[in-house]
Amino acid sequence: EEALGDAVAKVARTVMYHGHVNLAAIVRHSGLSVDAVKHCLLILIKHSFVSSYKNEHLQGSREKKKARGDALPGQEGQQGQGGRPKSRRADFIYVADPAFMLS
């Protein structure tokens, strides 16, 4: 905490406590702004305290697709409104490395 600052320590504690979390969850649980959390994550990743993993999924609600009878992810014909292909959104999941955090 003394070396990297209070905000970085707060993000590190949030990731450690909540396990694997996305950016929105870190912002919500830490009480910091999105920009501050991104900056803190950058520092934590550079120091190997936190790792990030890409989590791709289709946009849209699974329940809405079921109700309309649309194809679910993994099924043929994944199309959005107007016959356009559904877009993919990539979220990143952040995970703390306990070995580095305790040293």
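**Close-ups of a predicted model**

**View 1. Thr14, a buried residue.** With a relative accessibility of 7%, Thr14 counts as buried (under 20% relative accessible area; exposed is over 50% and partly exposed lies in between, using a 1.4 Å probe and protein chains only). Thr14 sits in helix 1 (helices are DSSP runs of H or I with at least four residues, strands are E runs of at least two, and both are numbered from the N terminus). Skipping neighbours within four places in sequence, Thr14 touches Ile26, His29 and Ser30, where contact means heavy atoms within 4.5 Å. This is a predicted model, so local features need pLDDT of at least 70 and side-chain atom pairs count only at pLDDT 80 or more, while totals for chains, interfaces and linings use all residues. Residues are numbered from 1 along each chain as its sequence is written, and side-chain values use heavy atoms, with hydrogens and water left out.

**View 2. Helix 1 against helix 3.** Helix 1 (residues 6-18) packs on helix 3 (residues 34-46) at about 80 degrees, the axes being 9 Å apart. Those axes are lines fitted to C-alpha atoms over the stretch in contact, and angles run from 0 to 180 degrees between N-to-C directions. The two helices are therefore roughly perpendicular (65 to 115 degrees; under 35 is roughly parallel, over 145 roughly antiparallel, and the rest oblique). Helix 1 brings Ala7, Val8, Val11 and Ala12 to the contact, and helix 3 brings Val37, Cys40, Leu41, Ile43 and Leu44. That makes 9 nonpolar residues, no polar and no charged (Ala, Val, Leu, Ile, Met, Phe, Trp, Tyr, Cys and Pro count as nonpolar, Asp, Glu, Lys and Arg as charged, and the others, Gly among them, as polar).

**View 3. The two faces of helix 3.** Val37, Cys40, Leu41, Ile43 and Leu44 of helix 3 are buried. They span an arc of only 160 degrees around the axis, so they lie on the same side of helix 3; the arc is that of the directions from the helix axis to the C-beta atoms. On the face turned away from that buried side are the exposed residues Asp35, Leu42 and Lys46. Just past the end of helix 3, Ser48 adopts a positive phi of about 65 degrees.

**View 4. Val95 in strand 3.** Val95 belongs to strand 3 (residues 88-96) and, at 27% relative accessibility, counts as partly exposed. Beyond its neighbours within four places in sequence, Val95 is in contact with Val15, Gly19, His20, Phe49, Val50, Ser51 and Tyr53. Val95 and Tyr53 are 42 residues apart in sequence, yet 8.1 Å apart in space, C-alpha to C-alpha.
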